[in-house]
Amino acid sequence: MCGIVGFTGVAGAVGILMEGLGNLEYRGYDSAGVSVFSEGKIRTVKARGRLQNLADRLKESPLEGSCGIGHTRWATHGEPSDINAHPHGTEKLSLVHNGIIENYVELREMLKEKGYSFVSQTDTEVAAKVLDFCYEGDPAAAIRRASGMMEGAFAFGILFADRPGEIYAVRRGSPLIAALSPEGNFITSDVTAVLRHTRRYFTLEPEEIVRLTADSAVVWGADGKEIQKEILTADWNVEQAQKGGFPHFMLKEIFEQPQALDSTIHPRVHTGLPSFASDGIPDGFFRDIDRVQVIACGTAMHAGMVGRMVIEKLARLPVDVDIASEFRYRDPILTPRHLVVVVSQSGETADTLAALRLAKDRGCPVLAIVNVAGSTIAREADHVLYTFAGPEIAVASTKAYSVQLGVLYLMGIRIALEKGQVSEEEARALISGLLDTVEKTKKCLEMAEPIRKIAETYRETGSLFFIGRGFDYPLCCEGSLKLKEISYIHCEAYAAGELKHGTISLITPGVPVVALATQGALLPKTLSNVKEVRARGASVLLICRESAHPEEDLFAHRISLPEADDLFMPLLSVIPLQLLSYYAAVCRGCDVDKPRNLAKSVTVE
Ligand code: M6R
């Protein structure tokens, strides 16, 4: 949420900052701005709307200079506008911010009494002026003092007018890393923003302060002492973070799923059995666990819902799944024998992170399923199982979901083995079923064209329902979230048997219903629910197995999935749901990769 990039080096900063902001635009895209040391002072250009508006403005008012900071915003305090866009500053400094300053109202009042005035509605302008108030010539001392006055989460990139060529940064809660290259040094919210220049980076711990020049990086710890950082190398490369000939990142990422699943699952299968030993989780780890608590948001939470069914079914171990933002409010009952599993693509989601911290406070072991190496959740969890999906750029999560399922399947089989619920032979058969199903995801991708034609029938749709039972229900939740997120069609997901308890009153002639009926054992029951909506005139898209033979007059459209065990069908059924959302959004003229009001990485609670 909000993207920060800073560069100090030998080349012109503006081009590098704009390129970095382009790569970070998925984090927020309602306004953008840059500040650059130019002609002996800090000069700032900002613009409401997409990055192109800022690019146009920079053509009118070019900024020369080789040191600067940039920001792409997802509004929290104050509407998207030129004034509210970052950077914010004073004569002494310019600052970009990701996060929320919770006590900004009190700080603003304090500063007003000291004679400061404010032009924007943002908490960031308050942060800039707190820093101005604290600044007496020593940047690190001022940052430390100002940070101490601020409550909440933040990552700041800062230029001080009397320190040309230097960038300062600090973080608490919100992500920020420093990256190093022979051409100069960077700060960035996400390493993908600078992959074209370097893969070498280091992370910042909370309250650490970094000073970058073109050829140096100095870090001070919270106690003010200089510290050495370990330099890491990003696994991702620049091609992975590009569209590679696809019209949108989302479509590219949907098509990357077989490969991503393969990369995530294969390294964890040894002699046909699942093992997390190479992830540092020894065999026997799950033996004494009494209960599993899954916590996540959005799509990751939907993966958790499938994971619950897999673990309960295979390992006969109770599993709870909670929305991270609600978890703490029910004062959860947790013991050290509860394994808390947090699931997050970005590893930075603020609600998930807060839930993780609560679980750790209660003494639970925390295992994170995360896609972004070195992210805050990965660092704070006791154990990490990385998903190897590569960078997911589209705001709508697709391949990250599938690989989360991949890890949860492996975990379910591993727990079942350690709990003695399945024999080695049975576990091997399950793994073989899982690998076969991964292979069949390729067949699902071949259905893109017929699915595009079905999606076109939703061009004018105002409201749509998803129904399904068993494993199909969490898939309905995911299909519904995906469709509303990017196509702006109002959707609801219902357990098929629940519709008749109220919501069926909304089914009138012509209302589209997507019925997921992939579960062999539940097919007759789900088809009864399809009959109920058909009887009220619904236009049904039926997604079922190739082998199913429902009556032809039950559906307007049918998508037939390859055969797999009921347990693994979610890996297949999610693909047509993703494609349906994608093509519906395209035909409705929506901005697929950057849907309105959203951002990829939700780093505010
Ligand atoms: O990075 P995370 O997996 O923690 O993100 C969680 C949700 O914000 C995310 O899955 C969101 O729901 C997606 N935009 C859905 O496509």
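**Figure 1. Packing of α12 against α17.** In this predicted model, the axes of helix α12 (residues 399-418) and α17 come within 10 Å and cross at roughly 170 degrees, with axes fitted to C-alpha atoms over the stretch in contact and angles running from 0 to 180 degrees between N-to-C directions. The two helices, α12 and α17, are therefore roughly antiparallel (over 145 degrees). Tyr401, Ser402, Leu405 and Tyr409 of α12 meet Pro570, Leu571, Val574 and Gln578 of α17, contact meaning heavy atoms within 4.5 Å. By class, this contact of α12 with α17 has 6 nonpolar, 2 polar and no charged residues.

**Figure 2. Packing of α13 against α17.** Helix α13 (residues 424-445) packs on helix α17 (residues 569-587) at an angle of about 20 degrees, the axes being 8 Å apart. Hence α13 and α17 are roughly parallel (under 35 degrees). On the α13 side, Leu434, Thr437, Val438, Lys440, Thr441, Cys444 and Leu445 meet Leu571, Leu572, Ile575 and Leu579 in α17. By class, the contact of α13 with α17 has 8 nonpolar, 2 polar and 1 charged residues.

Figure 3. Thr122 lies in the loop between α3 (104-113) and α4 (123-134). Thr122 counts as buried because its relative accessibility is 2% (buried: under 20% relative accessible area, 1.4 Å probe, protein chains only). Its side chain makes a polar contact with the side chain of Ser120 (2.8 Å), a polar contact being a pair of N or O atoms within 3.5 Å, one able to donate a hydrogen and the other to accept it. Leaving aside neighbours within four places in sequence, Thr122 is in contact with Arg73, His77, Asn84, His88 and Tyr104.

**Notes.** Residues are numbered from 1 along each chain as its sequence is written, and side-chain values use heavy atoms, leaving out hydrogens and water. Because the model is predicted, local features need pLDDT of at least 70 and side-chain atom pairs count only at pLDDT 80 or more, whereas totals for chains, interfaces and linings use all residues.

Terms used. Helix = DSSP H or I, 4+ residues; strand = E, 2+ residues; numbered from the N terminus. Buried < 20%, exposed > 50% of the residue type's maximum accessible area, 1.4 Å probe, protein only. Parallel < 35°, antiparallel > 145°, perpendicular 65-115°, else oblique. Nonpolar A, V, L, I, M, F, W, Y, C, P; charged D, E, K, R; others polar.
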